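The sequence and structure come before the notes.

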Amino acid sequence: MAGCFVLCGVGVAAAQAGARVEPDILAAAEAERAPFVETMRELVSIESGSRDAEGLRQIADTIAERLRALGGDVELVAHDDPYRMVDTPDEIGRSVVGRFRGRGEGRILLLAHMDTVYRRGQLAEQPFRVSDGRAYGLGIADDKNGVALILHALAVLRAIGFDDYEQITVLINGDEEVSSAGSRHLITALGAEHDAVFSCEGGGASDRLALTTAGIGAVLLEVRGRASHAGGAPEQGWNALYELAHQVLQMRDLGDAAAGIKLNWTLASAGSARNVIPAAARATADFRVLRVAAYDEVERRVRERIGNQLVPEATVTVSFERRRPPLETNGASRALAAHAQAVYRELGRELGVTEQAAGGGTDAAFAALETDAPVIEGFGLVGYGAHSDEREYVELDSLVPRLYLLTRMVMDVARGEAGAPAR
């Protein structure tokens with residue numbers, strides 16, 4: 001009776017809205033409701049932190065097996081030459097790539113990630129559970145619901161016998177939470193080969209899609225001075241801490257709201273002992289940008305400032321990490337998002353579309369780097385509490401609508417009905 005209530009409720013709302021629901025898709029989506037929840041249970045029950053090589057191998061094998069069972073041609077892609085950052089794991093999780101070839105036109109790329117921010121052992125403290133219409137679990141909002149969404153959208157397409165696409169490609173990576181150090185080039189290459197990209201990160205706390213995300217970078221500042229006895233001969237030292245403090249303070253105003261740049265110094269360390277003039281100091285700044293070109297502007301401003309030193313004898317060096325580019329929208333993405341809103345109205349629901357980046361970054365931006373095709377973020381379930389242990393959950397009443405939405409978007413791109421022409 002519960003399943004009938006959900007299906008009938010969605011249908012009544014759609015009828016009241018005067019929209020045209022495709023009943024076979026809706027019925028197939030409803031039939032996937034319970035299996036979808038079980039898939040989330042299975043995925044959450046595999047610990048797969050970005051540094052957990054064993055867990056990432058296990059979950060990649062599980063996802064690959066599921067994609068093969070759905071008819072996909074699947075490969076596991078290793079990443080042996082990653083873009084190295086300060087927190088890049090020694091071993092990068094493999095990416096799962098599944099290709100589904102149809103008889104029609106339209107090439108669609110579906111993205112999600114299987115890694116989480118959690119450490120091994122936390123699962124025992126916070127196992128998967130369902131309570132009050134919500135499914136809770138480590139990584140369920142970010143982004144194991146997205147993996148499940150892709151698997152069950154493919155199951156819906158198979159159930160209704162739809163293969164009027166040229167190709168659906170699924171890319172699920174295991175290093176998103178460490179800025180996709182290994183998979184970034186693969187994501188960009190695949191993005192350029194497709195007519196539309198749908199990224200299945202969680203939709204956030206409300207029903208919405210996102211057309212922009214922030215780019216993320218880091219400034220790594222190092223100062224080399226000279227040690228000396230802090231009591232007996234401080235004047236013989238070159239205080240690296242003084243120079244570091246000077247540099248951080250003179251670069252505290254590099255943020256530029258008008259240019260969409262945020263820069264904040266967040267980490268610092270110096271010295272080796274209380275009674276020794278520090279010979280080394282370092283600091284890290286986090287910065288966010290809304291345009292790819294802004295990376296160059298940040299780097300130019302920082303290099304310009306560090307020439308002004310407080311301790312002339314000290315050596316100041318700086319390096320930069322381009323951790324994740326911004327997702328910049330275009331007319332094709334706007335048109336496709338408008339189509340998604342129309343599809344959602346078929347269910348009597350309103351879908352928000354935001355072009356205001358909230359500060360976080362996602363893999364959708366890598367997919368958009370070398371293409372003018374539409375790239376849309378946020379197809380995952382409505383949820384909350386990413387990276388927050390027991391507070392991470394998804395709303396189960398968003399499951400059928402979001403599954404219907406993603407399935408219809410894939411179909412409509414393939415049918416040339418979504419403002420994203422097939423090649």
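**Pockets, cavities and helix contacts**

By class, five nonpolar, two polar and four charged residues make up the lining of the second largest pocket. That pocket belongs to a predicted model, and its volume is about 180 Å³. The largest pocket holds about 790 Å³ of space. The structure also has two cavities of 30 Å³ or more.

**Second largest pocket**

- The lining consists of Arg184, His185, Thr188, Val292, Tyr295, Arg322, Arg324, Pro325, Phe366, Leu369 and Glu370.
- Helix α7 (184-191) and strand β12 each contribute at least two residues to the lining of this pocket.
- With three residues, α7 has the largest share of that lining.

**Largest pocket**

- The space in this pocket comes to about 790 Å³, and 36 residues line the pocket.
- Closest to the centre of the pocket are Asp142, Glu201, Gly360, Gly361 and Thr362.
- The lining includes nine nonpolar, 17 polar and ten charged residues.
- At least two lining residues come from each of α6 (140-159), β8 (208-210), β11 (280-289), β12 (315-324) and β15 (383-384).
- Strand β12 supplies at least two residues to the lining of the largest pocket and at least two to that of the second largest pocket.

**Cavities**

- The largest cavity has a volume of about 80 Å³.
- Its lining is formed by Val44, Ile46, Glu47, Ser48, Gly49, Thr116, Tyr118, Arg119, Arg120, Leu123, Leu138 and Lys144.
- Five of the residues lining the largest cavity are nonpolar, three are polar and four are charged.
- The second largest cavity has a volume of about 50 Å³.
- Leu111, Ala112, His113, Leu171, Asn173, Ile187, Ser199, Glu201, Asp363 and Glu377 line the second largest cavity.
- Strands β3 (107-113) and β6 (167-173) each provide at least two residues of the lining of the second largest cavity, and β3 gives the most, with three.
- The lining of the second largest cavity divides into four nonpolar, three polar and three charged residues.
- Glu201 lines the second largest cavity and is also among the residues closest to the centre of the largest pocket.

**Packing of α4 on α6**

- Helix α4 (residues 53-69) packs with α6 at an angle of about 15 degrees, and the two axes are 10 Å apart.
- Because angles under 35 degrees count as roughly parallel, α4 is roughly parallel to α6.
- The two helices cross in a left-handed sense.
- Seven nonpolar residues, one polar residue and three charged residues form the contact of α4 with α6.

**Packing of α6 on α12**

- Helix α12 (residues 399-414) packs with α6 at an angle of about 60 degrees, and their axes are 9 Å apart.
- The crossing of α6 and α12 is right-handed.
- The residues of the contact of α6 with α12 comprise eight nonpolar, two polar and one charged.

**Backbone details**

- The peptide bond joining Asp142 and Asp143 is cis, with omega at about 10 degrees.
- Asp143 lies in helix α6, and Asp142 is one of the residues closest to the centre of the largest pocket.
- Asp132 is not a glycine, yet its phi is positive, at about 55 degrees.
- The position of Asp132 is in the loop between β4 (129-131) and β5 (134-136).

Note on methods: Residues are numbered from 1 along each chain as its sequence is written. This is a predicted model: local features need pLDDT of at least 70, side-chain atom pairs count only at pLDDT 80 or more; totals for chains, interfaces and linings use all residues. Side-chain values use heavy atoms; hydrogens and water are left out. On a 1 Å grid over the protein atoms alone, a cavity is a set of points where a 1.4 Å probe fits but cannot get out, and a pocket is an open set with protein on both sides within 12 Å along at least five of seven lines; lining residues have an atom within 4 Å of a point. Grid points are joined across faces, edges and corners, and a volume is the space filled by probe spheres set on the points. Helices (H or I, at least four residues) and strands (E, at least two) are DSSP runs, numbered from the N terminus. Ala, Val, Leu, Ile, Met, Phe, Trp, Tyr, Cys and Pro count as nonpolar, Asp, Glu, Lys and Arg as charged, and the others, Gly among them, as polar. Axes are lines fitted to C-alpha atoms, for helices over the stretch in contact, and angles run from 0 to 180 degrees between N-to-C directions. Angles under 35 degrees count as roughly parallel, over 145 as roughly antiparallel, 65 to 115 as roughly perpendicular and the rest as oblique. A crossing is left-handed if the near helix is turned anticlockwise from the far one by less than a right angle, and right-handed if clockwise.
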